[in-house]
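Q: Can we go through the aromatic rings in this one? I have the model open and would like to know what to look at.

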Amino acid sequence: MTDKLIFLEIEQPVHYSELSPGMYTANCSGRFDAEGTRDLMRCATLSRDTGIFNGIFLGMMLPYYLHNANNLMVGVLGNLDLAGMFMPDIEKVEPKIAGARNATGTVVNYLREIAGAIPSCENISFDEYAVGKCLILLKAACGRSVNSEGLDEMDLSVSLNCQHPSQAVAVVNGMAAWVVTSLGGIGTVTGSFLNGRLKLKWSKPEESGLPYMPGGENGPSILAVTGGLAASAGMTLVVENWTDNEGEVTLVVKQ
């Protein structure tokens, strides 16, 4: 696999069904260092321990989870502060205590949802359930300043075939990590699954300025590792139209 590792820049329109397993870029001028990309892809193909790669991708999104959890905690602390201000007027205090209790439940549910979606060390199938967990992790990292479109409408009920399900799941998590860190906390993420192509797109306003959240500078490395995992799973990863304000990545899935 490593001797025949494919990393190629191609022209648009992309004929996805004609591509061999590997990683391809289209309209991404200057985004990748070819030698460094192949080195990272090769490292990914040599390992079968997908837990390492899932950990890397989740680690890239961890600051976003913490940021979002902190935002949710505002509902808890704000209500408690108001309850303290209203003491000893119990009629005003009780609603604020109830509000704090409800907000606490929201925080707990958010953290439980993330914990429940973290992939196991060895996924035995690449199916609707497994991909759905990856999308949960993506949405949980987006936060209130990021709009999402199409993520809840994907029809993944068809059979998804690949050589190594664990690597395939890690690929989707890598795609999610790239989207999240590229947005840097603001913009729109769009998902679709059509004709055997799982696609994630991100875009943010031109006037958004510098991102206030970390990780965007690691985009090429995230994609290189993800591309290597895709090749290892016998699948194809295509990165297109990557600029400072938008980009898209597609996993070609055999049905």
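**Ring cluster and a threonine**

A: Ring pairs link F7, F32, W178, W202 and W242 into a cluster. This is a predicted model, where local features need pLDDT of at least 70, side-chain atom pairs count only at pLDDT 80 or more, and totals for chains, interfaces and linings use all residues. Residues are numbered from 1 along each chain as its sequence is written, and side-chain values use heavy atoms, with hydrogens and water left out.

Q: How many aromatic pairs are there in the whole structure?

A: The search finds 4. Rings of Phe, Tyr and Trp (its six-membered ring) pair if their centres lie within 6.5 Å; planes under 30 degrees apart count as stacked, over 60 as edge-to-face and the rest as tilted.

Q: What about W178 and W202?

A: That pair is edge-to-face, at 6.0 Å centre to centre with 80° between the planes. W178 lies in helix α5 (residues 165–183) and W202 in strand β5 (residues 197–203), so the pair ties together parts 24 residues apart in sequence. Helices (H or I, at least four residues) and strands (E, at least two) are DSSP runs, numbered from the N terminus.

Q: Is W202 buried or exposed?

A: W202 is buried, with a relative accessible area of 3%. Buried means under 20% relative accessible area, exposed over 50%, partly exposed in between (1.4 Å probe, protein chains only).

Q: New topic: where is T188, and what does T188 touch?

A: T188 lies in strand β4 (residues 187–194). Leaving aside neighbours within four places in sequence, the contacts of T188 (heavy atoms within 4.5 Å) include W202, K201 and S203.
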